[in-house]
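Welcome to this set of exercises. Have the sequence and the 3D view open, try each task yourself, and then read the worked solution.

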Amino acid sequence: MGNFFEDLVHQVMDATLEDDDQRALKAKFHKLKREVIDDVREIFPHGQITPPNLGIKGIRVKLPPKDPNDKSGPDLPVSSGAPAIPDVMRIFSAYVQNELPTYLIYVPDKDKRLVGRNEVKRLFRNEVALITEEDIHSRLVDLKESCPTAHREDAIRDIVKDTLKFAVLSHRWLDSGEPTFYDILKSFKPYGYEKLMKFCEKAGEFGCRLAWSDTCCINKDSSTELEEAIRSMFKWYRDAHICIAYLSDTTSIDDLHEDVWFTRGWTLQELLAPWRMKFYVRNWQPLTSDLNDKENFEVVAALSRATRIPIDDLRYFQPGTNNVHEKMMWASTRTTTRIEDIAYSLIGIFDVSMMVAYGEGKRAFYRLMEAIIHKCDEWQIFAWAGTSSADSAAFPESPRGYLPLNPVDSNDDLLPSTVWRGDRNIVMTKRGLQIQVLLVDLSQEEATVYERIGTEDVQTNAYSSYTAGVVDYWCYDASGDGILQPEQEHLCVLLRPDPSNPYAGWRKVTTPNLVTIRTESKLRRTLTLVWL
């Protein structure tokens, strides 16, 4: 727009003034223009009041290129003049737009300014343009040593990712004083700014020129950007070059397990997602001398004791809807400030898609379970007790309902490979959660009932008026029959007839503890379809 007005001024002068007057006035005009530009450069060294790529309304100042001899400001690579490889620039642009966080901190900048994706492309375009075919070939040779099927585009993407490597921060939020998105834009430095500066310092030590923190790199005023951040966060932590975890309550590995960091909901995915982590304890002292603490067995063993997460999962975790019960157990001791975040913080861990809708309260966890059940066929998903969701008796109201299970004992070492346990076709319907169970009338004394209290199985007669719906029966064929093995523990849900809903037939009974049954002899019975 500035060029339009400048051209208009010149056209007016051409039409109304003599040549000598034009030259004099144009000289004054350009002198004034240079003075304004110099003043703006001094006040706004980055050439903007609000970065134009951030998409925020405000005054924007676009300045012409500086004198190439001017060394102030961030250093940008200078193009060699050779044409950039089209495939490289295409992959570079796609990577920035689709895989980098929406906003990042530019670490080399003294004021640690925020940069959006367009600004990242501007900052690194010249450097990426210097990538040569020799670089690509060399990287491809390296990749094929570990992945024989790697292609040229894989090599280009790997080089681009190395060029744009970024660090992420994992920490416990302060009660107040964490720098926000707008604090950084306005160069305001609240109490927690020092932690952000320390994080950027450590990121720079790992060779990262970009950094991401959940306190200030999310524009929470934009529901679209907030939802993208929540749904992409696991991936961002996984793709980061390094995750820097600050445990402010810890002094050494010995008291690592006591840190409040292990009680927060969001830090679970921040622990599982990254391939590389570096832990810093009180006053930003490194926990170890290693570059990647996930490769330090002593650290990983301490993390496993603190979280009850197996060492292999801490190092090589893969998201998905397998082992749902185990993952819910990991989350069962954690808390979040917002109720909805109990569910939202698990989206990436289970690799499911769901809308973010703050204000829905506990219904968020029901929707998470609904998304999981579409992809899950594990009977262990019913190993919970206590208060059920207000939206479905089939699900608990939070991960806290999940309780430990005894190891599965098949009681038979020669089971054929075609044998399976429980219903493999659980589905949500308008009538509720549809599942096939093996019904056992507890009033007929066909089985002994146990209640899991703590770590002990205690025999009880408190549920003799109910029917047990066994969920982990054995299936040896497709006949529609289920089998209970003698003296084997079987998990069940307690049911009673539902006179108010003859179509459903049964209603699930809430119990404070897990309920299991055992039979003295083998029991074979036709399975029954119920809706919970």
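**Exercise 1. A residue in a strand**

Leaving aside its neighbours within four places in sequence, with which residues is S389 in contact?

*Solution.* Before starting, note that this is a predicted model, where local features need pLDDT of at least 70, side-chain atom pairs count only at pLDDT 80 or more, and totals for chains, interfaces and linings use all residues. Residues are numbered from 1 along each chain as its sequence is written, and side-chain values use heavy atoms, with hydrogens and water left out.

Step 1: Find S389 in strand β8, residues 388-389. Strands (E, at least two residues) and helices (H or I, at least four) are DSSP runs, numbered from the N terminus.

Step 2: Look for contacts, meaning heavy atoms within 4.5 Å. With neighbours within four places set aside, S389 is in contact with Y366, F395, P396 and E397.

Step 3: Check the polar contacts. A polar contact is a pair of N or O atoms within 3.5 Å; within protein, one must be able to donate a hydrogen and the other to accept it, and residues adjacent in sequence count only if both atoms are side-chain atoms. The S389 side chain reaches the backbone nitrogen of D391 at 3.0 Å.

Step 4: Decide on burial. Buried means under 20% relative accessible area, exposed over 50%, and partly exposed in between (1.4 Å probe, protein chains only). S389 has a relative accessible area of 9%, so it is buried.

**Exercise 2. A residue in a loop**

Describe the surroundings of E340.

Step 1: Read its accessibility. E340 counts as buried because its relative accessible area is 4%.

Step 2: List its partners. Not counting residues up to four places away in sequence, E340 touches A357, Y358, G359, E360, G361 and A364.

**Exercise 3. A helix with a bend**

Work out how far helix α9 reaches and where it bends.

*Solution.* Step 1: Take the expected span, which is 1.5 Å times one less than the number of residues in the helix. Helix α9 (residues 223-239) has 17 residues, and the 24 Å from its first C-alpha to its last is close to the 24 Å expected.

Step 1: Find the bend, the angle between axes fitted to the seven residues ending at a position and the seven starting there. In α9 the bend is about 55°, at S232.

Step 2: See how covered the helix is. Of the 17 residues of α9, 12 are buried, including I230, S232 and W236.

Step 3: I347, in helix α15 (residues 347-350), touches I230, V352 and M354, not counting residues up to four places away in sequence. With a relative accessible area of 3%, I347 is buried.

**Exercise 4. The nonpolar cores**

Which residues have the most contacts inside the largest nonpolar core?

*Solution.* Step 1: Recall the general idea that in soluble globular proteins, nonpolar side chains tend to be buried together. A nonpolar core is a set of buried Ala, Val, Leu, Ile, Met, Phe, Trp, Tyr and Cys residues joined through side-chain atoms within 4.5 Å.

Step 1: Go to the largest core, which has 128 residues; F279, M328 and I372 have the most contacts inside it. Helix α16 (residues 363-373) gives the most to this core, with 8 residues.

Step 2: Examine I372. Not counting residues up to four places away in sequence, I372 touches T321, V324, M328, F350, V352 and I381. A second, separate core of 18 residues includes A468, C475, C492 and V515.

Step 3: Return to α16 itself, where 9 of its 11 residues are buried. Among them are F365, Y366 and I372.

**Exercise 5. Positive phi**

Are K112 and W284 buried or exposed?

*Solution.* Step 1: Locate K112 in the loop between β1 (103-106) and β2 (114-116), and W284 in the loop between β6 (277-281) and β7 (285-286).

Step 1: Look at phi. K112 has a phi near 50°, a positive value in a residue other than glycine; for W284, phi is near 60°.

Step 2: Apply the cut-off. K112 is at 11% relative accessibility, so it counts as buried, and W284, at 7%, counts as buried too.
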